[in-house]
Every structure is written in structure tokens, then in C-alpha cells.
Amino acid sequence: MMRLGLLLAAALMLGACGEKEQVVVYKQGKYQGKPDNRSWDNDPPLAELRGGKWTKGDRTSWEESIKQRQLAQHEYQRISR
Amino acid sequence: MARMKFLCDAERCIECNGCVTACKNENEVPWGVNRRRVVTLNDGVVGAEKSISVACMHCSDAPCMAVCPVDCFYRTDDGVVLHDKDLCIGCGYCFYACPFGAPQFPQAGAFGLRGKMDKCTFCAGGPEPDRSEVEFKKYGRNRLSEGKLPACAEMCSTKALLGGDGDVIADIYRERVLRRGRGSEVWGWSTAYGLPPKPGAQPPVQQQQPAPTSGKS
Ligand code: SF4
Ligand code: SF4
Ligand code: SF4
């Protein structure tokens, strides 16, 4: 009886020596938050706010308007014109 | 596809902190949170002082996004990295991951308590209805939705700080450097603005340091 108990205990103890997988597998996270709306889905602001002009929902026209704004940072073009 | 970026011209930045002030004013960020800062190297050394304005760079492969345990970051269609403050747990991982120290944390209490992360939004607000009051309170102004560029870049007095589509601002900068015709080894007004040096102009005479007086002042 005693021997059987020892055997069982040894088997249990050895069982704990098994090797675990130790390589971290990187999982690409996914955005969990609320969805955001996009700039071009808004109406263009009132003229006195001096924002851009685009057609609501049309990404290309919004990009064109913001590009003109970006080029206003180019003083060589702005001044020589 | 536009990919929004900043570019700061270290030849032109005069450390006026106009961009920092513009950002604070436009987005009404709390005391202690600085979405933009101006970093100066060799401060006061004539000929070697350089300043550059830094905020979130809206990384194409953003480390903050990779480390966030609650995955509250997202990238907009025009390449702006934003986050959802409703999810953020203020753990600060993004601060340690970010190469530019962009994520900021309001210090709410006396025990180093951290609030939810706040960072530069490229003036594009966050995941709330555009131009709404709640968006303004959490994330600041949404200038992109008004067809405007970041306040900091548009307010820059010397046009050192450029903001916009990476391709467009890189072209602006390229033309500037070509006009200078020189690299970054030369310093001064004529380098920054591409003007020929004035004939007969003299460098400023360096003042002698006053001899240290004894005793504490
Ligand atoms: S917070 Fe830092 S890491 Fe994240 S996009 Fe901005 S600059 Fe890049
Ligand atoms: S502080 Fe917020 S945004 Fe930054 S990693 Fe932690 S949960 Fe994500
Ligand atoms: S883009 Fe807007 S939020 Fe970001 S530093 Fe400039 S003014 Fe501040």
C-alpha cells in the first residue's frame, strides 16, 4: 500500500515537470472603441469660419480643398504668384 | 491617399513656442498636458543652437497602437492616429512605447494618479460626432472636419512647422532646401530664407561674460 502511494506521488510530481510552450505569440490587436466619422462626411463650415469647401461625402473634393490649404504654407509659391 | 504628417525645419524654428500656445488655446488642454513642445539643443551657443517642435508624429506603424492593452487606438483614412478615451485605462504603456513622448497624462490627484491619456490629434478630434461639444471636451477641436490644418502648423510664424499630407509638405521642404543650396552645416537667416548674404554684414560681436562676483546673489 505504502509503495503504491509513493509511486502515485512520484508520478504526480514528475508530471509537473513537463515543458510548457514559452514562445510568445503576438496577436495583432483590433480597435475596440467607438467608430469615428470621417471629415468629408460633414457639411463644409460656414464661409465666415474660413474653412475648406467640398461636397459632402466626396472624399476627393475634401482632399483637394485641404491640399490647397497645405500649399498655402509654401511661401515661395504664395509670394511669387 | 493623404497621409498626414508634420515636418519641422530646424533651420527656421526660432523657439517662439507659438505652436505650443496655439495648440493649448485651440484645444483647451488641461494644465500640465502639453500636446506639443519645443526642444532646443545647444541653447545659447551661437551658431549651434537648433530648435524643433515635437508632438505626436502620427506614425505609420505606431508603437503606441501595438502596446495598448485595451486596443483603443485607431488610424483614420488620412493616416491620423487617434484613440478612444472611453476605453483608455491610463496605464501609460503608450508613453513608454512612443519614441517622442507624445502621450500625456493629466495628474488628477496628489498620489501620482494618472488620468486618461491625451495626445495630439492632428486637430482631428476623436470618436465622437464631429464638431460636437462632447468631442471638443474630450479631444479638442476637429479642424480637419472644417477643412483646416492643425492650428500649430498654421500659426507657425516662420513656417518652420509644416503640417499636411506627407508628399505635399515634403515637396515644400525640398524646394526650400534646393533654394538654400546648402546643407544643415550653415546656420542663420540667409540659410533659412534662401537670401544671399548682405554685402558688408558683420556677425554680431560676442559680449564678454562678466566676471563672477563672490558671494551669493
Ligand atoms: S503617440 Fe507616439 S508612437 Fe503613437 S503615433 Fe504618436 S508619435 Fe507615434
Ligand atoms: S494609457 Fe490608455 S491609450 Fe495608453 S496604452 Fe494604456 S490604455 Fe492604451
Ligand atoms: S495638431 Fe492640433 S492637437 Fe496636435 S499639436 Fe498641433 S494644435 Fe495640438
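## Elements of the two chains

Helices (H or I, at least four residues) and strands (E, at least two) are DSSP runs, numbered from the N terminus. In chain A, the order of elements from the N terminus is α-α-α, and the secondary structure comes to three helices and zero strands. Chain B holds seven helices and six strands, in the order β-α-β-β-α-β-β-α-α-α-β-α-α from the N terminus.

This is a predicted model, in which local features need pLDDT of at least 70 and side-chain atom pairs count only at pLDDT 80 or more, whereas totals for chains, interfaces and linings use all residues. Residues are numbered from 1 along each chain as its sequence is written, chains are lettered from A and ligands numbered from 1 in the order in which they are written, and side-chain values use heavy atoms, with hydrogens and water left out.

## Burial and contacts within each chain

A residue is called buried under 20% relative accessible area, exposed over 50%, and partly exposed in between (1.4 Å probe, protein chains only). Of the 81 residues in chain A, 19% are buried; of the 217 residues of chain B, 47% count as buried.

A contact means heavy atoms within 4.5 Å. Among contacts with a separation of 6 or more, residues 24 or more positions apart account for 0% in chain A and for 53% in chain B.

## The interface between chain A and chain B

The size of an interface is often given as the accessible area lost when the parts come together. Here the buried area (accessible area, 1.4 Å probe, that two parts lose on being put together, summed over both) is about 3100 Å², and carbon and sulfur atoms give 50% of it. A:Y31, A:Q73 and A:Y76 supply 23% of the area that chain A buries against chain B, more than any other three residues. The contact takes 34 residues from chain A and 46 residues from chain B.

Between the chains there are 17 residue pairs in polar contact (both at pLDDT 80 or more). A polar contact is a pair of N or O atoms within 3.5 Å; within protein, one must be able to donate a hydrogen and the other to accept it, and residues adjacent in sequence count only if both atoms are side-chain atoms. On the side of chain A that touches chain B, α2 (59-71) and α3 (75-80) each supply at least two residues, and α2(A) gives the largest share, eight residues. By class, that side has 12 nonpolar, 11 polar and 11 charged residues. In this classification, Ala, Val, Leu, Ile, Met, Phe, Trp, Tyr, Cys and Pro count as nonpolar, Asp, Glu, Lys and Arg as charged, and the others, Gly among them, as polar.

## A buried glutamine at the interface

A:Q73 lies in the loop between α2 and α3 of chain A and, at 3% relative accessibility, counts as buried. A polar atom of the side chain of A:Q73 lies 2.9 Å from the backbone oxygen of B:G163. Leaving aside neighbours within four places in sequence, the residues in contact with A:Q73 include B:L149, B:L161, B:I169 and B:R176.

## Salt bridges

A salt bridge is a side-chain nitrogen of Lys or Arg within 4 Å of a carboxyl oxygen of Asp or Glu. The structure holds 22 salt bridges over all chains, and six are counted between chain A and chain B. In one pair, B:D86 and A:K34, the closest N and O atoms are 2.7 Å apart.

A network of salt bridges links A:R69, B:E26, B:R141, B:R143, B:E146, B:K148 and B:E154. A:R69 and B:E154 form a salt bridge with their closest N and O atoms 2.8 Å apart; A:R69 lies in helix α2 of chain A and B:E154 in helix α5 (residues 151-155) of chain B, so the pair joins two chains. B:K148 and B:E146 meet at 3.2 Å, N to O; B:K148 is buried at 7% relative accessibility, and B:E146 is buried at 9%.

## Surroundings of the ligands

A residue is near a molecule if one of its heavy atoms lies within 4 Å of it. Ligand 1 has 14 residues around it, of which B:C56, B:M57, B:C59, B:C64 and B:C98 come nearest; the shell divides into 12 nonpolar, one polar and one charged. Ligand 2 is surrounded by 13 residues, the closest being B:C68, B:C88, B:C91, B:G92 and B:C94, and its shell has 11 nonpolar, two polar and no charged residues.

Among the residues surrounding ligand 3 are B:C23, B:C120, B:C123 and B:C152, together with B:R35 and B:R36. The shell around ligand 3 has eight nonpolar, two polar and two charged residues.
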